[in-house]
Amino acid sequence: MSMSMSMSKRKNLVEYIGEAWYTIYSIVKGHIVTFVNLFRKKVTLQYPEVRWDIPLGYRGLITLPVDCKTGQDRCIGCMACVKVCPTGVIDVQTHQGDDKKRVVDAWNADIGKCIFCQLCVEACPTKAIVMSDQYELASFTKDEMIYDRKKLNELGGSFPEEPEKAEEEPYAAAKEGE
Ligand code: SF4
Ligand code: SF4
């Protein structure tokens, strides 16, 4: 009986020493990792005071820049973007004008559903839709996620007069043209 108790005590002591040694080892290892990282190049930013430079071609919020000649966006109400969008983000309302052309009454985008696939941009025959570099799109309500035409016009800026410039990088060019 007493022999088995002494063996049990010895076992506990060995476990205790093992755990104490592992704790010390973990603390030392953690400090070494911290110390080494003090001298490495920083990969984090003091967001939101400091932000990354967004690369050209970034797929952010869709916008509808206005044409500086007409003062309006280039949408002709063809519905191509509505049909191609895989998640049903875009809702365009139109009616037929006196000259038989479609007139756009409303253009809304439920940005909360957007997967930033760029298909609407590719499908638009007039290149009316431009993806911006805006990624801070969180809101408190679902209604705030619905962007109407006026808001998308404002966010998109205006297309520059030189078409080649708009062709290369539409959003950057539109911002320059503001
Ligand atoms: S980027 Fe894709 S998901 Fe977003 S509105 Fe365009 S087609 Fe729809
Ligand atoms: S595809 Fe372009 S022109 Fe057609 S409805 Fe959409 S934004 Fe307007």
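Two residues are in contact if their C-beta atoms, placed from the backbone, lie within 7 Å. With that in hand, welcome to a predicted model, in which local features need pLDDT of at least 70, side-chain atom pairs count only at pLDDT 80 or more, and totals for chains, interfaces and linings use all residues. Residues are numbered from 1 along each chain as its sequence is written, while chains are lettered from A and ligands numbered from 1 in the order in which they are written.

Let's begin with the whole protein chain. Among its contacts with a separation of 6 or more, 65% join residues 24 or more positions apart. The chain holds six helices and seven strands (DSSP runs, H or I of at least four residues and E of at least two, numbered from the N terminus). Their order from the N terminus is α-β-β-α-β-β-α-β-β-α-β-α-α.

Of the 178 residues, 19% are buried, that is, with 20 or more other C-beta atoms within 10 Å of their own, placed from the backbone.

Now for the ligands. Ligand 1 is surrounded by 14 residues, with Cys120 among the closest, and ligand 2 by 13, with Cys81 among the closest (C-beta atom, placed from the backbone, within 6 Å).

How values were computed:
A residue is buried if 20 or more other C-beta atoms lie within 10 Å of its own, exposed if 12 or fewer, and partly exposed in between; C-beta atoms are placed from the backbone.
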